[in-house]
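Please read the briefing below alongside the sequence and the model. It begins with a term needed throughout and then goes topic by topic.

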Amino acid sequence: MMKLKIAIQKSGRLHDDSIKLLKECGIDINNGVNKLKTEASNFPLEVFFLRDDDIPQYIEDGVADIGIVGENVVLEKKKQVNIVEKLGFGKCRLSMAVPKTMEYSTVKDLENTRIATSYPVIVNEFLQRNGIKAEIHEISGSVEIAPGIGLADAICDLVSSGSTLFMNGLKEVETVLKSEAVLAACHNLQPEQQILLDKLLFRIQAVKKAKNNKYILLNAPNEKLNDIIGLLPGMKSPTVLPLAEQGWSSVHSVLNENDFWDIIESLKAAGAQGILVVPIEKMVI
Ligand code: ATP
Ligand code: MG
């Protein structure tokens with residue numbers, strides 16, 4: 001039987017979340033330490049563990065059909081791959097940073113500087129877009145120490161909290177790119193592989209939707225029922241069931257994480273009691 005070949009990061013920031021996502025999609029893979037390759041027991045999926053830098057090339061060449069990798073790496077490597085889905089983890093930004101003591105007001109202050117980065121392609125595009133001439137020094141790691149040792153005036157590196165920059169006496173001055181892990185796919189998949197990819201994608205989307213939503217149960221006095229139902233979006237409309245206690249109902253619905261706290265407050269104010277909020281595992285609409 002034809003299998004879909006997926007490349008994921010061997011170790012590093014995206015490894016655990018990539019495995020977790022496959023698990024949440026109901027795909028069991030035995031992830032032995034130091035293995036380069038494994039197979040799922042319950043889905044026609046072969047898994048390759050690779051350095052993240054190599055993943056776009058493997059996908060372009062069709063050695064892997066799909067892969068999970070940071071969008072920053074896809075854009076830097078300039079390989080011909082399709083980004084089919086953003087995955088919601090591995091969130092970070094690629095930012096310019098300069099020494100705290102440097103006066104910086106606009107991007108023009110980068111003119112004629114030396115910028116150390118592991119992302120020369122993306123940085124070059126950013127400089128061109130802004131009409132800035134600067135010298136790019138490509139280095140593969142520990143970019144944040146470059147200004148301190150006199151190698152560069154500024155850096156462009158991945159940031160999530162900013163604490164590494166801070167510890168190295170740097171301040172973040174421009175966001176060049178926002179990134180997260182994505183599912184990337186080969187341009188020319190066989191029809192059978194496309195079917196398997198669609199199947200996997202359907203599951204990934206169900207998992208993502210579930211993460212963004214909560215199941216909510218509450219008790220409402222019947223005379224307040226209309227007000228309370230009016231506050232709930234729900235998938236179609238909320239489920240309303242009578243409680244054993246006369247004059248009361250139980251209301252069930254689904255809430256988006258983003259609206260969550262606002263709606264909970266209005267529900268309480270409208271007379272809802274015993275509000276329970278439960279995580280959803282999968283959601284298909
Ligand atoms: P590899 O050994 O596979 O080459 P790496 O050291 O290049 O790994 P990691 O540091 O594990 O890469 O980061 C992998 C990806 O995680 C990055 O390309 C980026 O998309 C994402 N990421 C999320 N937050 C951060 C962060 N704070 N710093 C660096 N990368 C981050
Ligand atoms: Mg890497």
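A residue is called buried when its relative accessible area is under 20%, exposed when it is over 50%, and partly exposed in between, using a 1.4 Å probe and the protein chains only. By that scale Glu172 is partly exposed, with a relative accessible area of 31%. The model is a predicted one, in which local features need pLDDT of at least 70 and side-chain atom pairs count only at pLDDT 80 or more, whereas totals for chains, interfaces and linings use all residues; side-chain values use heavy atoms, with hydrogens and water left out. Residues are numbered from 1 along each chain as its sequence is written, while chains are lettered from A and ligands numbered from 1 in the order in which they are written.

**Domains and nonpolar cores**

- The domain assignment, whose bounds come from an automatic or database source, gives domain 1 (4–89 + 180–210), domain 2 (92–179) and domain 3 (213–279).
- Between the C-alpha centres of domain 1 and domain 3 the distance is 38 Å.
- A nonpolar core is a set of buried Ala, Val, Leu, Ile, Met, Phe, Trp, Tyr and Cys residues joined through side-chain atoms within 4.5 Å; the largest has 59 residues, of which Ile6, Ile27, Leu45, Ile68, Met96, Leu110 and Leu183 touch the most other members.
- This core lies between domain 1 (4–89 + 180–210) and domain 2 (92–179), because both of them give residues to it.
- Apart from this core lies another, of 14 residues, among them Leu225, Phe260, Ile263 and Leu267.
- Met96 is in contact, meaning heavy atoms within 4.5 Å, with residues including Leu110, Ile115, Phe126, Ile155, Glu172 and Val176, when residues up to four places away in sequence are not counted.

**Salt bridges**

- A salt bridge is counted where a side-chain nitrogen of Lys or Arg lies within 4 Å of a carboxyl oxygen of Asp or Glu, and by this rule there are eleven salt bridges.
- Lys211 pairs with Glu24, and their closest N and O atoms are 3.0 Å apart.
- Because Lys211 lies in helix α6 (residues 191–211) and Glu24 in helix α1 (residues 15–24), this pair ties together parts that are 187 residues apart in sequence; helices (H or I, at least four residues) and strands (E, at least two) are DSSP runs, numbered from the N terminus.
- Both partners are partly exposed, Lys211 with a relative accessible area of 44% and Glu24 with one of 22%.
- Arg93 and Glu172 meet through their side chains in a salt bridge of 2.7 Å, N to O, and the pair links distant parts of the chain, with Arg93 in strand β6 (residues 92–99) and Glu172 in strand β10 (residues 170–179), 79 residues apart.
- Arg93 is partly exposed, at a relative accessible area of 22%.
- Lys37 and Glu46 form a salt bridge at 3.2 Å, N to O; Lys37 is partly exposed at 47%, whereas Glu46 is buried at 13%.

**Backbone and loops**

- Most residues other than glycine have a negative phi.
- Lys78, although not a glycine, has a positive phi of about 55°; it is found in the loop between α3 (71–77) and β5 (81–86) and is exposed, with a relative accessible area of 53%.
- Ser142 is likewise not a glycine and has a positive phi of about 45°; this residue is found in the loop between β8 and β9 and is partly exposed at 46%.
- Ser41, in the loop between β2 (37–39) and β3 (45–50), counts as exposed at 63% relative accessibility.

**Surroundings of Ala116**

- Ala116 has its place in strand β7 (residues 114–117) and, at 0% relative accessibility, counts as buried.
- Among the residues that Ala116 touches are His137, Val143, Ala146, Ala152 and Cys156, not counting residues up to four places away in sequence.
- The C-alpha atoms of Ala116 and Ala146 are separated by 6.6 Å, although the two residues are 30 residues apart along the chain.
- Ser41 and Ala146, by contrast, are 105 residues apart in sequence and 46 Å apart in space, C-alpha to C-alpha.
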